[in-house]
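Subject: Structure for your review

Hello,

Here is the structure to go with the sequence. My notes on what was found in it follow below.

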Amino acid sequence: MVDAEEALGSSVKGLSEQMKDVANKFQRRLAAAKKLNAGKILELSDLIFLRFNEDSDAIFAKNIEEIIGKELAINVDRGKGISHSDLR
């Protein structure tokens with residue numbers, strides 16, 4: 001008979017290197033929740049989290065605290081990813 005611990009496996013769970021690569025490709029990034037004008041000081045309500053292709057330079061959602069309170073240098077349309085180059 002198999003004991004429960006053996007059947008459940010290790011309590012330490014992780015991603016394989018292959019799964020990490022896939023996960024990185026599909027991480028959510030920051031985008032404009034509405035049309036935002038140049039000079040706007042970014043607030044949480046201005047942002048949404050979307051998945052972009054891996055070539056996108058939009059800021060990763062996990063880095064949101066880096067851009068709250070920053071000023072937009074350009075106009076950004078609704079749904080467009082926000083990159084560091086869009087900020088002052």
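The side chains of Asp 46 and Lys 34 form a salt bridge, with N and O 3.4 Å apart. A salt bridge here is a side-chain nitrogen of Lys or Arg within 4 Å of a carboxyl oxygen of Asp or Glu. Both Asp 46 and Lys 34 lie in the loop between β1 and β2, so the pair ties together parts that are twelve residues apart in sequence. (Helices are DSSP runs of H or I with at least four residues, strands are runs of E with at least two, and both are numbered from the N terminus.)

Before the rest, a word on the source. This is a predicted model, in which local features need pLDDT of at least 70 and side-chain atom pairs count only at pLDDT 80 or more, while totals for chains, interfaces and linings use all residues. Residues are numbered from 1 along each chain as its sequence is written, and side-chain values use heavy atoms, with hydrogens and water left out.

Asp 46 is buried, with a relative accessible area of 1%, whereas Lys 34 is partly exposed at 39%. Buried means under 20% relative accessible area, exposed over 50%, and partly exposed in between, with a 1.4 Å probe and protein chains only. The two side chains also make a polar contact at 3.4 Å, that is, a pair of N or O atoms within 3.5 Å; within protein, one must be able to donate a hydrogen and the other to accept it, and residues adjacent in sequence count only if both atoms are side-chain atoms. Leaving out residues up to four places away in sequence, Asp 46 touches Ala 31, Ala 32, Ala 33, Lys 34, Leu 36, Lys 40 and Ile 41. Contact means heavy atoms within 4.5 Å.

Other salt bridges

The count of salt bridges comes to six. One of them joins Lys 35 and Asp 77, whose closest N and O atoms are 3.7 Å apart. This pair links distant parts of the chain, with Lys 35 in the loop between β1 and β2 and Asp 77 in the segment after β2, 42 residues apart. Asp 77 is partly exposed, at 47% relative accessibility. Lys 35 is also in contact with Asn 75, Val 76 and Arg 78, among residues beyond four places in sequence. The C-alpha atoms of Lys 35 and Asn 75 are separated by 7.5 Å, although the two are 40 residues apart along the chain.

Arg 88 and Glu 71 meet through their side chains in a salt bridge at 2.6 Å, N to O. Both residues are in the segment after β2, 17 residues apart. Arg 88 is exposed at 57%, and Glu 71 is partly exposed at 26%. Elsewhere, salt bridges that share partners join Lys 34, Lys 40, Glu 43 and Asp 46 into one network.

Core and overall layout

The largest nonpolar core has 13 residues, and Leu 42, Ile 67, Leu 72, Ile 82 and Leu 87 have the most contacts inside it. Such a core is a set of buried Ala, Val, Leu, Ile, Met, Phe, Trp, Tyr and Cys residues joined through side-chain atoms within 4.5 Å. Beyond four places in sequence, Ile 67 is in contact with Leu 30, Leu 42, Leu 47, Ile 59 and Leu 87.

The chain has two helices and two strands, in the order α-α-β-β. Of its 88 residues, 24% are buried.

Regards
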